[in-house]
Amino acid sequence: MKYYYPEGKSKALTFSYDDGQIHDIRLAEILRSHGLKGTFNLNSGTLANEDNSFFVNKNKLAEIYAGHEIAVHGVEHKNLGNCTDTEIICEITNDRIALENLLGVPVQGMAYAYGAYDKHIMSLLKACGIKYSRTVGENPWFEVPKNFLEWDSTCHHNNDLMKKGEEFLNLPNWKELPLMYVWGHSFEFAGNDSWNIIEEFAEKMQGRDEIWYATNGEIYDYMQAIRRLEFTADGKMVKNPSTVTVWYKGENEKPECILPGELKKL
Ligand SMILES: [Zn+2]
């Protein structure tokens, strides 16, 4: 079976920005005003208690990041490669707990501080309830990751962003579920006043019928729903046990969907 993203869209675009400095306010607004969505990875231990600080005000997260997702980046931005198992578990779990208390929703996404991870760290993250985590590695092929705890981006925003965007818009039709995933830090735009990089990209990508604009978590949830589909052995029936509507390519690539809980004849 070949799939679409929700509402029969053929491509997805997402962003991932780290560290929660105040420049996130401007970035979140640029993305939001163009109908784009991303995930902001925060260190609960460095968030501020007031405005006009170096980091965002922890009492205004819902307002600052409206329409976006908030994820874990470690309480204190520790390099997990240098931590004991107990330290890793505390750094991640306590960040979850602090962010969840501020937001009132489960926080199960993450980005690795310093990009540091290995197999052992990934196994500890599972125990901490983390479902997906971004690396600083790049996968230039616009692919959804096989292992979401090792989620490479398409590119950092300083790495030929417009060229990659152009490539993404012109991908051949056979490419299934292409995903463009851009990462960075908002302070990089502020540091050398290069906001035009993200503004021009947002202008170019906005309002396209074929693109699903989603947070990291929404993409994770959708891919899990696809992976959970249950087929009969002859492939003639499919059941969707999840709470997410799954879209696929019917005859002549017409978008069809399988509703939550539906048992469908193919
Ligand atoms: Zn960081």
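Does phenylalanine 168 count as buried or partly exposed, and how many C-beta neighbours does it have inside 10 Å? Keep in mind that what you're looking at is a predicted model. With 19 C-beta neighbours inside 10 Å, phenylalanine 168 counts as partly exposed, because the cut-off for buried is 20 or more. You'll find phenylalanine 168 in helix 5, which covers residues 161-169. Skipping the neighbours within four places in sequence, phenylalanine 168 is in contact with Lys11, Phe142, Pro178 and Met180. Take proline 178 from that set: 10 residues separate it from phenylalanine 168 in sequence, and the C-alpha to C-alpha distance is 8.0 Å.

Stay with helix 5 and look at what it packs on. Its axis comes within 10 Å of the axis of helix 7, and the two cross at roughly 10 degrees. Helix 5 and helix 7 are therefore roughly parallel to each other, since angles under 35 degrees count that way. On the helix 5 side you have Leu161, Met162 and Gly165, and these meet Ile197, Glu200, Phe201, Lys204 and Met205 in helix 7.

Helix 7 (residues 195-205) also packs with helix 1 (residues 23-33), here at an angle of about 15 degrees and with the axes 9 Å apart. So this pair, helix 1 and helix 7, is roughly parallel too. The crossing is a right-handed one. Leu27, Ile30 and Leu31 supply the helix 1 side of the contact, while Ile198, Glu199 and Ala202 supply the helix 7 side.

Now for the backbone on either side of helix 5. Most residues other than glycine have a negative phi. Leucine 177 is not a glycine either, yet its phi is positive at about 50 degrees. Leucine 177 belongs to the loop between helix 5 and strand 9 (179-184). Its 20 C-beta neighbours inside 10 Å mean that leucine 177 counts as buried.

Leucine 177 also leads us to tyrosine 5. Leaving aside neighbours within four places in sequence, tyrosine 5 is in contact with Leu177, and also with Ser10, Ala12, Trp212, Tyr222 and Trp247. Tyr5 is among the residues with the most contacts inside the largest nonpolar core, alongside Ala12, Leu13, Ile70, Val72, Val182 and Ile219. That core has 58 residues. Domain 1 (10-216) and domain 2 (229-265) both contribute residues to this core, so it lies between them. For the general background, nonpolar side chains in soluble globular proteins tend to be buried together. As for the two domains, the C-alpha centres of domain 1 and domain 2 are 30 Å apart.

One last stop is valine 246, in strand 13 (residues 246-249). Valine 246 has 24 C-beta neighbours inside 10 Å, so it counts as buried. Apart from neighbours within four places in sequence, its contacts are Ala225, Ile226, Leu229, Asn240, Cys257 and Ile258. Valine 246 and leucine 177 are 69 residues apart in sequence, and their C-alpha atoms are 13 Å apart in space.

Conventions:
Residues numbered from 1 in each chain as written. Predicted model: local features only at pLDDT ≥ 70, side-chain atom pairs only at ≥ 80, totals over all residues. Core = buried A, V, L, I, M, F, W, Y, C linked by C-beta atoms within 7 Å. Buried ≥ 20, exposed ≤ 12 C-beta atoms within 10 Å, placed from the backbone. Domains from an automatic or database assignment. Contact = placed C-beta atoms within 7 Å. Axes fitted to C-alpha atoms, helices over the stretch in contact; angles between N-to-C directions. Helix = DSSP H or I, 4+ residues; strand = E, 2+ residues; numbered from the N terminus. Parallel < 35°, antiparallel > 145°, perpendicular 65-115°, else oblique. Left-handed = near helix turned anticlockwise from the far one by under 90°.
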